[in-house]
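Me: Please take a close look at the aromatic pairs in this structure. Then set them beside the helix and strands around them.

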Amino acid sequence: CRRMKQMVFGPDVNLSYKKFTVDKNGDIRFGMAAIKNVGEGAVENIINEREANGPYKNIYDFVERVELRSVNRKTFEALAQAGGFDLFNEVEHRSQFFEKNDNRETFIESILRYGNLFKNDLNNNQNTLFGAMDEDVEISKPPILQAEPWGNLETLNREKELVGIYLSAHPLDEYKIEINSFCNGALADLNDLNKLKDKDFSVGGIITAVRSGMTKNNKPFGGFTIEDYSGSHELMFFGKDYLEYKNYCTAGYTLFVKGKVQERRWGKEEIKPLEFKVTSIQMLGDLRENLLKSIAIKIPIDRIDEALIKDLIEKVEANEGKAILKFLIFEPAKKIWVQMFSRTYRIDVTNDFIDYLDNHPVFEYKLD
């Protein structure tokens, strides 16, 4: 879907149905029944109540209306972690659902208890002659506790555990500069090694699984499964390679892996199979500082004015760093250009600065 520029939105108790659906804009909406620990009975109850009495107004309205015997604590926790309640603005972070109060009770446990009390009180009022006298008695709503938001990786890992994929974002999103500038391929390319034979290959990804063991000769070996936007690939290391790279074998690490596709050096076959032979590994987060030396910004001369210069200077001053700042000023019609570099400023090529350039139609840029 990303490759086709097809939007996919996460589960939402006000918008999702049991299975995947397409909304009026042609976008895909994740189905609630596809979330781990969310049963079809709970989903049907959420949908039926929503269609009968309208969208849920807030988290309290939700728990007051759904059937809590089917939408139980496990279901509630799964919906919270998968983003099903993100539409309710009163809860700013998913972590708040799991924050504990002074009684060591999470907000989920508190609100479920409130929901049960609310329903019991409602049923009692409906079944008594004096129900009207009790209408003004309100059960207090549990407060939403403040909590530190989960880090981006923890949020996404919890989400992936429940829906099977990174959905609302991807852990590699913050490394788009490194991936676009220093990687010459994607992991899916390794599915056909013949096309890469004798070529240097570099790729970035996140480790999603790790394994290790001992060979028949009682020597340690190990490796990891690394994933990017295109797919995943397992890399295994033996002997000296394992000793060199074993410290990188940690789930959650984001890595830059360089290597070469070549024939295996061992084996009895006359025609040896190809392998991706790793030659170096670095942390993706270190690349910008270690490898990025300069950025060249290309600007057509007829688009340069005082407002543009002022805006660009403000951005540069807000992102001072070590990289050399170059400019390529060109005249499109006559195909004349001149390259210059700044003697005054050096730049920290942050994601914010790259977003600024990407969102400004005047600029083109190249990283070296």
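Reply: What follows starts with the ring pairs and then turns to a helix and the strand pairings.

The model is predicted. A search of the whole structure finds 18 aromatic pairs. One of them joins F224 and F237. The ring centres of F224 and F237 are 5.7 Å apart, and the planes meet at 55 degrees. An angle over 60 would count as edge-to-face and one under 30 as stacked, so the F224 and F237 pair is tilted. Buried means under 20% relative accessible area. F224 has 1% relative accessibility, so F224 counts as buried. F237 has a relative accessible area of 4%, so F237 is buried too.Another tilted pair is Y356 with F363. Their centres lie 5.8 Å apart, with 50 degrees between the planes. Y356 is buried, and so is F363.

Ring pairs also build a cluster. Its members are Y56, F62, F76, F85, F88, F97 and F107. F76 is among the buried residues of helix α3.

Helix α3 spans residues 73–82 and is mostly covered. Of its 10 residues, 7 are buried. Besides F76, the buried residues of α3 are T75, A78, L79, A80, Q81 and A82. An α-helix has 3.6 residues a turn, so residues three or four places apart point the same way. N72 caps the N-terminal end of α3. A side-chain oxygen of N72 lies 3.3 Å from the backbone nitrogen of K74. After α3 comes G83, with a positive phi near 95 degrees.

Two rings carry a charge over the face. R50 lies over the face of Y17, at 4.8 Å from the ring centre. The charged end of R158 sits over the ring of F98, 5.7 Å from the centre of that ring.

Now the strands. An open sheet of 3 strands runs in the order β1-β3-β2, and its pairing is mixed. Its edge strands are β1 (8–9) and β2 (21–22), each pairing on one side only. Strands β1 and β3 (residues 28–29) run parallel and are joined by 2 bridges. V8 stands opposite I28 in β3.

Further along, strand β9 (residues 294–300) pairs with strand β10 (residues 320–331). These two run parallel, with 7 bridges between them. I295 has L325 in β10 as its bridge partner.

I329 stands opposite V338 in β11. The hairpin of β10 and β11 has 4 residues between the strands. In this hairpin, K335 takes a positive phi near 55 degrees.

Methods: Residues numbered from 1 in each chain as written. Predicted model: local features only at pLDDT ≥ 70, side-chain atom pairs only at ≥ 80, totals over all residues. Heavy atoms only, no water. Buried < 20%, exposed > 50% of the residue type's maximum accessible area, 1.4 Å probe, protein only. Polar contact = N/O pair within 3.5 Å; in protein donor to acceptor, adjacent residues only side chain to side chain. Pairing = 2+ DSSP bridges. Phe/Tyr/Trp six-rings, centres within 6.5 Å; stacked < 30°, edge-to-face > 60°. Lys NZ or Arg CZ within 6 Å of the ring centre and 35° of its normal.
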